[in-house]
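Subject: Structure handover

Hi,

Here is the structure for you to look over. My notes come after it.

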Amino acid sequence: MELNASGGGDSDSMQGQLIYSITMPLSSTIILANLLIILAIGCNRQLHTTPNYFFLSLLVADLGTGVALPFIPWMGLNRPLSFGSCLLVHVLPNFLFLAFLFNLVMVHYERYLSIVSPLRHRSLWVHRHFPLALLALWLPPLLFALLPAFGWNNRHASAAGGSGERCCTYRHIFPNAFIYLEVYGILAPAILSIALMTGRVLWITRGQLKDIRRLQRSVAGRGRRQLGLDLRYARCVAAVSLTFLACWVPYIIYTHVGVAFLMRPGARGNHTAHIVLSCAGVGGMAVVPLVLGLANREYTDPIRKFLRKLHNRWRRRRWDGESIAL
């Protein structure tokens, strides 16, 4: 295994600058937006319900992903770290990412149940056994992410290959079988399930829209109200499609490029492309909860009121200052 495939301290410095110039603004935005929505939910007692608790858990996981984002592009690059430190900087971001993914699937699943079974979804197991469901969102990701710490790693194989104890890459920590299991046993099914649940919800919405059209035709024929419903449904489909393309496609591309190319032994990849793809992929994926949160007026109204108060207070002080000056 090579030390710094691009070679040289200047290249390391340029890679570090590129990573931090991309990840720090993105990470700061993700952290700030998550904190605002978390505060909005926490300060409004009307939002203290099981669905919002699931969404709150997702926001906490997304907050952790935002914190870990600057460290993720370094996983494909070599660093002079001890094995214990290398284990920490790989296992912790991986755990936060998996917890985020599990929480995202649960949020979609709970909302899917609320659409499919609106009359009895609150009596289903996710509501009756909320603490158990919440534990299932965090414990399995933690146990899976800790498998390299329990011995499923490439430490001895890397040492036998002469890579040294203070050379740290994902190849030291994650065996190929572990990466394949995570990508095709966890990530791909999770993304597919989210896509299927979203498609099912849109299909049900389309059926409900047809029922409303039928009632309107029986009363007053086709009019502006029906056209408005058609446009609203079209906007909903467009918004869901654009969100999927903008947020998930970069991550899917990065995942498959990483599996197909970076895992080849002795591969000397384009590290600039790896850094850009990893930042765009993971960052875009972390934006999904923010899109869901900012699209919900129950979450954004407290933020709007708070910002309006600050704006009015600033205008009042400015007006008072101008009055005194005159």
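Predicted model: local features only at pLDDT ≥ 70, side-chain atom pairs only at ≥ 80, totals over all residues.

Fold first. The chain has twelve helices and zero strands. Buried residues account for 40% of its 326 residues. Take the contacts between residues at least 6 apart in sequence: 79% of them join residues at least 24 apart. The accessible surface is about 18,200 Å², and carbon and sulfur atoms hold 66% of that.

Next, the annotation. An unreviewed UniProt entry lists "transmembrane region" for residues 18-41, 53-75, 87-109, 130-150, 183-204, 233-253 and 273-295. I have details on two of these stretches. Residues 87-109 are 100% helix and 0% strand, with the end C-alpha atoms 33 Å apart. Residues 130-150 are 76% helix and 0% strand, and there the end C-alpha atoms are 30 Å apart.

Now the packing. The largest nonpolar core holds 56 residues. Which of them touch the most other members? They are Ile37, Ile41, Phe54, Phe55 and Leu187. Several helices supply at least two residues each to this core, including α1 (9-43), α2 (50-68), α8 (176-219) and α12 (297-325). The top contributor is α3, with 16 residues.

Best regards

Technical notes: Residues numbered from 1 in each chain as written. Heavy atoms only, no water. UniProt positions renumbered as here; feature names shortened; annotations may be inferred. Helix = DSSP H or I, 4+ residues; strand = E, 2+ residues; numbered from the N terminus. Core = buried A, V, L, I, M, F, W, Y, C linked by side-chain atoms within 4.5 Å. Buried < 20%, exposed > 50% of the residue type's maximum accessible area, 1.4 Å probe, protein only. Contact = heavy atoms within 4.5 Å. Areas by Shrake-Rupley, 256 points an atom, 1.4 Å probe, with all protein chains shown as cover.
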